[in-house]
Structure formats: C-alpha cells, structure tokens
2 protein chains.
Amino acid sequence: MGDVNIKFLAKELNLSTSTVSRALKDSYEISAETKMRVLALAKKLNYEPNPSASSLRGQKTKTIAVVIPEISNNFFALAINGIEKVARENNYHLLIYLTHENQEREKTYFSTLYNGRVDGVLISMSVQGSDTVHFEEFNQKGIPLVFFDRVCLKMPNTKITTDDYDSSYLATKHLIDVGCKKIAFLMISKNISIGEIRMKGYLDAIKNHTNQNPLILECSNDIEENYELVKTFIVKNKPDGIFSSVEYLAIECYNVCKEINLKIPDDIKIISFSNLQTAHLLNPSLTTIAQPAFNMGQTAAKLLLTAINKKGTSKITEPVVLKSRLILGNSTSPTARSSSNRRNRLRK
Amino acid sequence: MGDVNIKFLAKELNLSTSTVSRALKDSYEISAETKMRVLALAKKLNYEPNPSASSLRGQKTKTIAVVIPEISNNFFALAINGIEKVARENNYHLLIYLTHENQEREKTYFSTLYNGRVDGVLISMSVQGSDTVHFEEFNQKGIPLVFFDRVCLKMPNTKITTDDYDSSYLATKHLIDVGCKKIAFLMISKNISIGEIRMKGYLDAIKNHTNQNPLILECSNDIEENYELVKTFIVKNKPDGIFSSVEYLAIECYNVCKEINLKIPDDIKIISFSNLQTAHLLNPSLTTIAQPAFNMGQTAAKLLLTAINKKGTSKITEPVVLKSRLILGNSTSPTARSSSNRRNRLRK
DNA sequence: GTGAAAGCGCTAACAT
DNA sequence: ATGTTAGCGCTTTCAC
C-alpha cells in the first residue's frame, strides 16, 4: 500500500495533510483554488482514501454485514439484490456470511463482527438452536441489528417479515377449497419464527374450515435426509394435499411424486412458499406463495441505514410486515377424480 | 468502540500493550503464565481485535472481494458457496459486489478496492464494455486478482474456466444427433470469453457435421428486452433446435414456446448451459450442460489465497479448466415426427 | 520476559 | 485559509 496517500499529496502540493484532507472533503474553510489543485492531483494519481485508516479514526466503516442461512435459494438471492441496491446507493460495502443453518457458525460470525468491522448487521436466522445471547451482546454494544424473514420475536430489534400467518391460512384454505380431504404441512423447524407462525396459519385454517386432523412433518436440519423423510411421510400418511412452508421441500415432493408415481394434482395437490423463477414451467406448474424478497431486502437495508445514521434512536419493535402473493399453478387444480380412486392406486 | 481493547487488557493485568499483543499472538518470548493470564482475561471479556487497526498496521485485511454480474442465478450462487467455504476455512471475510452487467459499475468497484480494502479479488466479468484498464491498474498495484468463468483472456492473471469449447461442441453435436436440421445458438454477448468460445464450439460442430448455415442470436444487455428478441427470432427463423449459452435465455425459450404453442421437443429441441436445480422437473425436463459451479468457486478462491500468501510469485497464465457435464432431459428427446409437419404448424 | 515508543493513514481540535 | 499535533488500536523494533 506504500502508495499515494494524503501525506504524499500534501508533499507534492506543498500543503499540510490536514489541508489536503479538508480539501478532499470539500470543507468550507479551504480556498477554492486549493481545493481545485488538491482534487486535480488526487484525480490524476487515482487517490483513494485508505478505508482502514478512515474507519479507525472515524469509528465508521461504511460496511454492513448480511448473515443468512443459504445463498443458493432464490428468496435469499433476491433479498440480497434488494440489500445490495440500497448499499450501493449509499456507498456502503456488503459483507456476506452464510451459516448453512448452523447456529454455532452464526455465533462465531457475530463475535467477529462486533468490534468495528461493520456499522450494522442484517440477519435471517439459522434453523439450529434457539440461543439469543449473541444477539443480546450485539445490542449491548450498540451496533444496529435488523432481522428479516426469519426473525427473533423475543428481541427488541427492528424486524421485517411477510404476512406469514395470513398467507399460510390462505394457502391451506386454498387446498381445502380445491377439495383436499387430508392436508399435510411440511416445515423445517418449529424453532424459527416462520416455522411456528406458518404452522399456526395452517392449524387454524384446518380447524376453522374442516374436521381434518392436522398432519405435520417437521424435517431434519440435515438437508440430505429430507428426501427420505418426505417420501416415507407421503407413503405412510397418503395426504391428498401438501402445503410446504419452504421451497426446497416442495421440490422434494415433486421428486418423490415422480419416483412413486403420484400424479400432481390428481393424486396429490401441492402448494408452497417459493420464489422459484421456474415455478410456472414445472410439470405441473407449481402454485406458490411468493414473498416480496427484493422488497424485503431493500426495506431491511433501508431501516438498518436509518438506525446507523441516527444512533440510539428508538427501535421499531413491531415487525414491518410486507405482503406475499398467491400465484396459481396447475399443482392445485381441482380434479374430478374421486379420492377412493387415488387410494386404490396407492395400495398397489 | 470505546470498548475492550489491548490497552484496556494491559491496564487490567498490569502489563504493557506490547506484552498483551504478543501474548495474544502466542509469541515465544512470553512466559507461559503471562500468556495464560492474558488469554483468560481476553476470553472473559470477549476481546476481539479491531480489524481496522490490524489492517492499517499490518497491511492485510483478511478480506477478499467477489465481483459478479448477478446473484439471482444458481451458477453464481453455487460459485459463492464454494468461495465462501474456502474463505471461512481460512478466516477470510467476503465482500460481494454485483455489477448487474454494467461495466461502469465494475470499474467503480475496482477503484474502491485497490487501496487496502481487500487482500485480493475474484471476478467474473460483466457483459458490457471491453475495457481492461481497471484490471491493469489493479495488477500494477500488486493486488492478486483471479478470474473465473467469464475471464479476460488478454490479462496475464490466473483464470478458472470450464471446458466451454468442448461442451458447446458436444451440445451442438447432441442436437445434430437427435435430428435437428436447423440449429440456432443463443448468446448474450460476443464481448465476453464464454460468449465467444461457446459460439466457436457451436460453429465448428455445425461446420464439421452438417451443411446447415449458422443461426445466431446475440441478445441485448438489457434483460427486459430479451423475451421479445427471442420470440421474434424463433418466429422468424423457425429453428428446430436451440442451443442456449446461458440459462436464462433457455427459460425465455420455454416461455416463448408456451406462448406461441410450440411443443418441446416435438417442434423444437432445447439444450442449455444451466445449473437450475429444477431442470429435471421442467415441462419437459431440460437437457443441460451443468458447470461445476461450486468447484469453480472453490478452486478460484484457493488460487487467490495462494497468490495472496506468496506475493509476487509467478501467476498461472494458462486457464485452469474444469469439466462440465451433459445431463440429458426430455427437451432433446428424438422424435419420430417429420420436420415438415412442424413447419406446417408454424405457418398457421 | 517485558516495556517504551514509533507509526500505519486519516481526521479534528486547536492553533495561527 | 492553512498548519501543528494528537490519537484511533494495533504491531513491531529497539531497549533493558
């Protein structure tokens, strides 16, 4: 880095470093002519301030971190697009940390983040564990922390969610309306907000509109195991409708149906939370609850920057709620076929 | 940040800051007992070194940047997973910059990166523009820069690619083998390495194995326009086989076929470079050339870290080439139907 | 084995 | 309008 810095510019121009520094920041105390000379040379030499020095001195890094479970998932990818837009527009840099659903990793990340690496953090929680000490410590340090999607309801931080309860109620109701008599709910974990709340929407809809017994599969944290879990569950319980609370479980359902030769939507109907770009091109097209992922990321980032800029201002404790959309596909088309027919097929 | 730092630890323990610093780094000059005391207190108080101060002093940031066109794309998402794994294992932090195919933005990012923000950079180039000054400047500063996938062949930097020529030749040959008589090639831009090389594979296969005329659609940088471009192209040229060099153009083809009622694979066969998780669930399942995205990211990151750790060592100028895989789907199944039949349908 | 002091590059309070 | 100086937290050279 022994390169062009303020000291060097100062020497070249026969000025002091403070004058150069002020000129670069367009301070009112500096004469127009000096400013011009400084800026001209800075431009010519491609001067770029050293971020470590600025951060060390100024106690701000112009950097935010995003801690998410996974990136190969269109919801999070779109959310990052939203976050990135806000960051870019405000000249913030973006650090990415992937937990892969492992809470120990999440904690490790937080411990490296709370000493001046970033000005603020956005998080969507991992599934594993329900510890919150790392969040509490963070709040004590006074570093802004905003939750999105998978939020921690216990924490007093700003949170951005979608209308998970309503959407889940609606999704379940939709399956009921198209004639499902045995509706199952697939989830990853009750540990996280979206698991719990989406389940509640499912349970209430079932209770209010049918006399079915709830049928719930809580999957494993280990993604590898879930195909077998889903398959066993479907074979054993023979649901005629599935509401999947996360995208990849819906994909596993498609895979299972392909393998054991269940016809969607004739034998079984499927609806899922999903931001798949190809949902409408699947065979059959998948009925989805699509979250406003980009908007969520954007909103979360904006609120984080607001918190960063007005330090110590009151936090928004009530979650900011954005609406998801139901997008109909053929995976939940009503069918004439009787359900006994379907049972016979399964018995073979 | 007026928090727990080395000075504070030193005061608490009645030691000097230098002793504490050395103890934390397990220096051989420090007595076992002192080390123990220091480490114990550091742990108790959750001491974490200030990264700006370390960076400023030590001229290394333990941070790398990834500059990519887009993140909502499973290839890049998987590549980041690979990069993230290497970064995490080596305690590096990961900055993400999205160019959205805009070279001006790419340049802006590079200018903020070359003064001590990062120890190295990974890049997959944007489509727009063919300027390389920002790369050259970077090389002059001596900061390691590694290209992956969309590489710049002119630059002497380390590059990681897939066997794009061979894969494209193979993909084209596959369409020929299943009976296509009019094969089109869809690309985003000749400006980037993968565009040019994949086109060459297509052209050579066509030349060596058929007497067809090449039929190429170079799409727009503006993603919004491409649906119409693809539609017009297909309607006008009536290809019976399409080789798409990027995933999202294949998706547009599916959308177009749906709209104008062309049956895949009967009327038109489609093969595409793609890392779609749902390729096998599409209607019909898509034949893909799948790149080893995770492995590419991992390899690129490893080579970058190697370059960072052995500064000034010789660069690897020849691209490191990883192999893609052909995954057969029904979108290129051979059909008995005659091509004249198809033409009649289109005329209607 | 430990301490004192300098300095990484920048900014801001305090001169003048 | 410009200069001097101190200090952000850390590491390292040089003393002892």
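This is a predicted model: local features need pLDDT of at least 70, side-chain atom pairs count only at pLDDT 80 or more; totals for chains, interfaces and linings use all residues.
Local features need pLDDT of at least 70, side-chain atom pairs count only at pLDDT 80 or more, and totals for chains, interfaces and linings use all residues. Residues are numbered from 1 along each chain as its sequence is written, with chains lettered from A and ligands numbered from 1 in the order in which they are written.

Chain B superposes on chain A by a rotation of 180° with 0.0 Å of shift along the axis, at an RMSD of 0.1 Å (least squares on the C-alpha atoms of residues with pLDDT of at least 70 in both copies). This is the relation of a two-fold axis.

The contact takes 38 residues from chain B and 37 residues from chain A (C-beta atoms, placed from the backbone, within 7 Å). On chain B, H4, helix H5 (74–89), strand S2 (93–98), helix H6 (103–113) and helix H11 (247–260) each supply at least two residues. Helices (H or I, at least four residues) and strands (E, at least two) are DSSP runs, numbered from the N terminus. H5(B) gives the most to this side, with 6 residues. Of the interface residues of chain B, 97% are also interface residues in chain A, so the copies meet through the same surface.

Around DNA strand C lie 26 residues (C-beta atom, placed from the backbone, within 6 Å of the strand). A:Asn5, A:Ile6, A:Ser18, A:Ala53 and B:Ser18 come nearest. Helix H1 (6–13) of chain A gives two or more residues to this surface, as do helix H2 (17–24) and helix H4 (51–58) of both chain A and chain B. H4(A) gives the most, with 5 residues.

Technical notes: Two residues are in contact if their C-beta atoms, placed from the backbone, lie within 7 Å.
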